[in-house]
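Let's take a friendly walk through a few local features of this protein. Please have a look at the sequence and the fold before reading on.

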Amino acid sequence: MTFVQLLASLSPVISVMLFLVLLRLPASKAMPISALVTALAAVLVWQMDLKMLSASVVEGLLSALTPLSIIFGAVFLLNTLKYSGAMDTIRAGFTNISADARVQVIIICWLFGAFIEGSAGFGTPAAIGAPLLVLLGIPPVAAAVVALIADSASVSFGAIGLPVLFGMEQGLIEGGSSMAAAQIAEHGGHFSDYARFIAMHMISIDLVTGTLIPLVMVMVLTGFFGRNKSFAEGLAIWKFAFFAGLAFTVPAWAINYLAGPEFPSVIGALIGMALVIPVARKGWLLPSTPWHDFETDESSDAKANQGEVRFSQLAAWTPYLVMAALLVASRTIAPLKSWLNSFNLSWTNLLGTELKASFATLYAPGAFFVLVCVLGFVLFKMRREAISESLSVSLKSMVPTVISLGASVPMVKIFLNSGANEAGLASMPVALADMLAGSMGAVWNWMAPVVGIFGAFLSGSATFSNMMFSGLQYSVADNIGANHALTLALQGIGANAGNMMCVMNVVAAATVVGMAGRESEIIRKTMPVALGYALVAGTIAALWGGF
């Protein structure tokens, strides 16, 4: 690969880094420019077929319907609860557990967020958790940052195990058969058995890396957003943070060992909340003085705007509880799952190519969000004016998000489909990854999670990252004699880490807290954590070697 081809293959990463992170353009401007740069690189350097490029754009636009529906649903539910007054009750309830902002971010983002991730995936936890933190008086950017950092270890088992069970299985298929056929046969004959084995490596590493996340979250909260800019103020609750970390990772490890990768995040989070919330109420493992001291006065403003508590905690939480129940039921009850999936919209042979796209109109979490919003209208006896206001505000807030995702997803599709070219080149990601593997095989324990981050950063999905690069990871493990399952686990862990900083999730988190346009600021805070997460995981793998 020539230097010009290398630059072309890196065009999505370079352009996003330049326009979004360095020049600090809002995503609604940075992503269309980045998509244009990638398209030009694909045509001028990769000599990509124009019909395939056009079809890739259409595929991307259609594929964006799913994340857009989820983001809109999350925003609409938030505004429904806000304009009904139910959010005042929820905020009061979390305050009653603990007035300490450090404890609030751990319970809401790390534990409740893990439950939502396990049920829905697709960046939903940050879209739900971040606005809850804002309503508790935490500055919006801080809320988005810690919510994104929290949505990491649980992603391995997100959306009922989709990143491993679907993403890796599809990523290992080559020429109609799995390149991991021998490993699959050795572990029971079904990919689900091999997936459990891979996931055991992932969650075993996360007994360290994942357990550290709650402490990292609170140190970022106090160190970057606290009035005193003190990391020590976050470190002060290290006992509680470690306890909260283990309260999720240990049950998740056990659930994967016993039942596989569908439910570790869902059940692990429920067990974690059952353990951590009583400890927080009692003040055990916590300093005697709660911490809620931010640099800005947004905290006091939020508290001042709190309205009268008019509903019981059970009533206020009912929409979220119903949402979680619907998600679990739709993923686990086979007849219901089949019925919901029967309403899919599908497009095949886009512009005469083999590309296709689909939109699960009822199976996607966005439909459930809208349904529970309607439930909220009735439950909270909302006036017509309040309903209209919640809908209007939600639609207006979606404009920059529609632009951002409407550009970023087609950009990814162009990148992935660039193998259809007249230059005789592999697709951009394959060519780039092959070059990296050939030159960095000796340090692949550390490079493997970086590749996973790269995939998630571009595609906005751990599942998609695993689909793009699991085959590469398996091939590299073959070439260098590494443990296949451990290498795939590092790919998955890197994809988890990339979840903290991928454009789609950052845009979603920024949108729901009213900070659209400040995505670059959020990425600059989450990127070092993501890279640190991958570095620690790679070091553990290098010392361990797998089993």
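## Salt bridges

R518 counts as partly exposed because its relative accessibility is 35%; on this scale buried means under 20% relative accessible area, exposed means over 50%, and partly exposed lies in between (1.4 Å probe, protein chains only). This is a predicted model, in which local features need pLDDT of at least 70 and side-chain atom pairs count only at pLDDT 80 or more, while totals for chains, interfaces and linings use all residues. Residues are numbered from 1 along each chain as its sequence is written, and side-chain values use heavy atoms, leaving out hydrogens and water.

R518 pairs with E521 in a salt bridge whose closest N and O atoms are 2.9 Å apart. The term stands for a side-chain nitrogen of Lys or Arg within 4 Å of a carboxyl oxygen of Asp or Glu. By this rule there are four salt bridges. Another one of them joins E59 and K413, with 3.5 Å between the closest N and O atoms. E59 sits in helix 4 (residues 50–63) and K413 in helix 22 (residues 399–416), so this pair ties together parts that are 354 residues apart in sequence. Helices here are DSSP runs (H or I, at least four residues), as are strands (E, at least two), numbered from the N terminus. Both E59 and K413 are buried. R102 and D100 also meet through their side chains, at 2.6 Å from N to O, and both of these residues are buried.

## A buried loop residue

Is M501 buried or exposed? M501 counts as buried, because its relative accessibility is 5%. This residue lies in the loop between helix 26 (484–498) and helix 27 (503–512). Leaving aside residues up to four places away in sequence, M501 touches I453, F457, V506, I523, T526, M527 and A530, where contact means heavy atoms within 4.5 Å. I523 is 22 residues from M501 in sequence, yet their C-alpha atoms are 5.5 Å apart.

## Positive phi angles

L285 is not a glycine, but has a positive phi of about 65°. L285 lies between helix 16 (264–282) and helix 17 (298–304), and is partly exposed at 39% relative accessibility.

N349, also not a glycine, has a positive phi near 50°. The loop holding N349 runs between strand 3 (344–347) and strand 4 (357–360). With a relative accessible area of 52%, N349 is exposed.
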